[in-house]
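Welcome! Take a moment to look over the sequence and turn the model around on your screen. Then let's walk through it together, one topic at a time.

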Amino acid sequence: MIPTTIAAWNHVRGLTPLSLCDWPGKPCCVVFLGGCNLRCPTCHNADMAWNMESQPLLPQATLRAFLAKRKRWLSGITVTGGEPTLVPGLGAILHELSACGLPIKLDTNAMLPEVVEAVLDEGLVSLFAVDVKGPLAKYPELTGGAVSEYDARRNLSHIFALAQARPEAFFFRTTRVPLLTDADMDAVRAMLPAGFALTTQDYKPPRRPHALADSEARRTTGNLVN
Ligand code: SF4
């Protein structure tokens with residue numbers, strides 16, 4: 001059996017050295033973890049999400065050396081995917097990253113709230129960017145059939161409870177994909193816990209369906225929709 005830590009590092013499949021838009025107000029690097037539990041038809045990063053072996057592995061030593069050299073120019077690390085909470089041994093990766101002294105923001109689709117709670121309780125993540133895909137009833141369609149309305153309600157309720165207890169550690173965002181109407185966006189806003197605003201972003205279709213990388217959208221491999 002492969003040790004969990006090795007299995008975890010096998011998911012580290014990309015690095016953007018500097019981003020000024022992934023963490024509002026903080027210049028950060030972005031670490032990409034391959035694999036996703038959803039099948040959103042609008043996914044911009046299908047290869048990272050569903051075929052991570054197609055993306056080059058980023059060796060642990062390379063990432064460690066990068067952080068040692070560049071951390072003084074950065075204010076944080078964004079961990080994205082795919083879906084980072086799906087990675088077995090995620091805590092080991094977060095421990096390694098946080099050893100450089102930078103805070104970590106983690107992007108999540110919120111469908112594994114127990115993992116979010118665990119890394120929050122361990123103090124490994126300073127901020128969670130939670131993607132709310134749309135109104136609960138549209139989750140099956142928005143996620144390629146991966147999430148039922150029932151599961152969306154249960155998982156988001158768990159995340160919302162965590163956010164109410166630790167409001168400084170969460171923000172919520174929705175990408176307005178073609179399936180979503182004005183009424184849907186209002187429904188998402190109404191779902192959020194009291195005091196939270198919804199960050200919205202426009203959907204930009206990939207130049208071809210499920211593009212190999214967002215380089216086609218003038219962005220390095222990443223996750224615009226998650
Ligand atoms: S959009 Fe995000 S949550 Fe959906 S399949 Fe792609 S990586 Fe996964």
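Predicted model: local features only at pLDDT ≥ 70, side-chain atom pairs only at ≥ 80, totals over all residues.

- Seven strands make up an open sheet in the order 1-2-3-4-5-6-7, and their pairing is mixed.
- Strand 1 and strand 7 (198-202) are at the edges with a single partner strand each, so one side of each has no neighbour in the sheet.
- From one strand to the next, the twist averages 25°.

**Strands 1 and 2: a hairpin**

- Strand 1 (residues 12-23) pairs with strand 2 in the antiparallel sense, over six bridges.
- The two strands form a hairpin, with two residues between them.
- In the turn of this hairpin, G25 has a positive phi of about 85°.
- Which residue in strand 2 is the bridge partner of W23? That partner is K26.
- Is strand 2 (residues 26-33) mostly covered or mostly uncovered? Strand 2 is mostly covered, with six of its eight residues buried.

**Parallel neighbours**

- On to strand 3 (residues 76-80), which pairs with strand 2 in the parallel sense over five bridges.
- Within this pair, C29 stands opposite I77 of strand 3.
- Strand 4 (residues 104-108) and strand 5 (residues 127-131) also pair in the parallel sense, here over four bridges.

**A helix on the sheet**

- Helix 4 (residues 90-98) packs on the sheet and touches strand 1, strand 2, strand 3 and strand 4.
- The direction of helix 4 makes about 150° with that of strand 4.

**The core and its contacts**

- How many residues are in the largest nonpolar core? There are 54, and those with the most contacts inside this core are V31, I77, I93, V130 and I159.
- Leaving aside residues up to four places away in sequence, I77 touches C28, C29, V31, L97, L102 and I104.
- Across the protein, 72% of the contacts with a separation of 6 or more are between residues 24 or more positions apart.

Note on methods: Residues numbered from 1 in each chain as written. Buried ≥ 20, exposed ≤ 12 C-beta atoms within 10 Å, placed from the backbone. Pairing = 2+ DSSP bridges. Axes fitted to C-alpha atoms, helices over the stretch in contact; angles between N-to-C directions. Contact = placed C-beta atoms within 7 Å. Core = buried A, V, L, I, M, F, W, Y, C linked by C-beta atoms within 7 Å.
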